[in-house]
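Student: I'm new to this one. Can you walk me through how the strands and helices are put together?

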Amino acid sequence: MTAPILAVRGLTRRFGGLTAVNDVSFDLAPGEVLGLIGPNGAGKTTLFNLLVGLHKPTAGSIRLMAAEIAGLAPNRVARAGMTKTFQNVALFQESTVLDNVLTGGLLHDGVAAARLRAEAILDRVGLAAIAHKLAGDLSFPERARVEVARALCTRPAILLLDEVMAALTPVEMEAFLALVRSLRADGLTLIVVEHHMHAIMTLCDRILVLNFGGVIAEGAPHAVAHDPAVIEAYLGKAYAAGGAHA
């Protein structure tokens, strides 16, 4: 049996009297795409922030490729091989696409090497033609791809995608899904937070469902979509009746 690339055990984060993430445990296999869903306020963003070091856990363990990383600073987690995109994309508006992306490469390399890596990644994600365009002039789909490209420039073994498909049209979403599938085919392991259930159902191998900070279901997409607890807390009966087959 292949050892997990990520093993999370008993992960908990409290903010005063509020428990935002409560005793969450899961494994992630190399090359797997794990979906993370749940209602607003369920703890998804807090869990992501714990995984990449933006928050320190109150309790629990996070082992990345067998090394304990819980409580490490974000730059050390990124150097270890895990990084995330941000839901609210914040690019350097007066800098070019290339310069925005190469900032991710500075985690490991000098400017010259980071620039070469950024150029290769821009070609990989279909943005080479706009490498010298200012970030402030980009469309939303272009901004989303730049955010992914910048994260890829850090050389992640695991990439966490935080609602990168929000506000995309159906056509734009299908193009983005094709990109993510191609990254997975290259061997990248992913955790995806997304409210578009079509994206989650068609992209993910397995889904983890949070509610009130705790895991209420985990399993294959079809099984999770028909779980009574998930229907009650998040999907609703209308989705279970028809949308789960979309």
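**Sheets and helices**

Tutor: Four strands make up an open sheet in the order E2-E1-E4-E5, and their pairing is antiparallel. Strands pair if DSSP finds at least two bridges between them; helices (H or I, at least four residues) and strands (E, at least two) are DSSP runs, numbered from the N terminus.

Student: Which strands are at the edges there?

Tutor: Strand E2 (18-28) and strand E5 (67-68), each pairing on one side only. This is a predicted model, where local features need pLDDT of at least 70, side-chain atom pairs count only at pLDDT 80 or more, and totals for chains, interfaces and linings use all residues. Residues are numbered from 1 along each chain as its sequence is written, and side-chain values use heavy atoms, with hydrogens and water left out.

Student: How many bridges between E1 and E2?

Tutor: Seven, with strand E1 (residues 6-15) antiparallel to E2. Leu6 has Leu28 in E2 as its bridge partner.

Student: OK, new topic: what's the strand order in the six-strand sheet?

Tutor: That open sheet runs E6-E7-E8-E3-E9-E10, with mixed pairing. Strand E6 (82-84) and strand E10 (214-219) are at its edges with a single partner strand each, so one side of each has no neighbour in the sheet.

Student: And how do E6 and E7 pair?

Tutor: E6 and strand E7 (residues 158-162) are parallel, over three bridges. Lys84 is opposite Leu160 in E7.

Student: Which helix touches those two?

Tutor: Helix H5 (residues 140-152) packs on the sheet, touching E6 and E7. Contact means heavy atoms within 4.5 Å.

Note on methods:
Axes fitted to C-alpha atoms, helices over the stretch in contact; angles between N-to-C directions.
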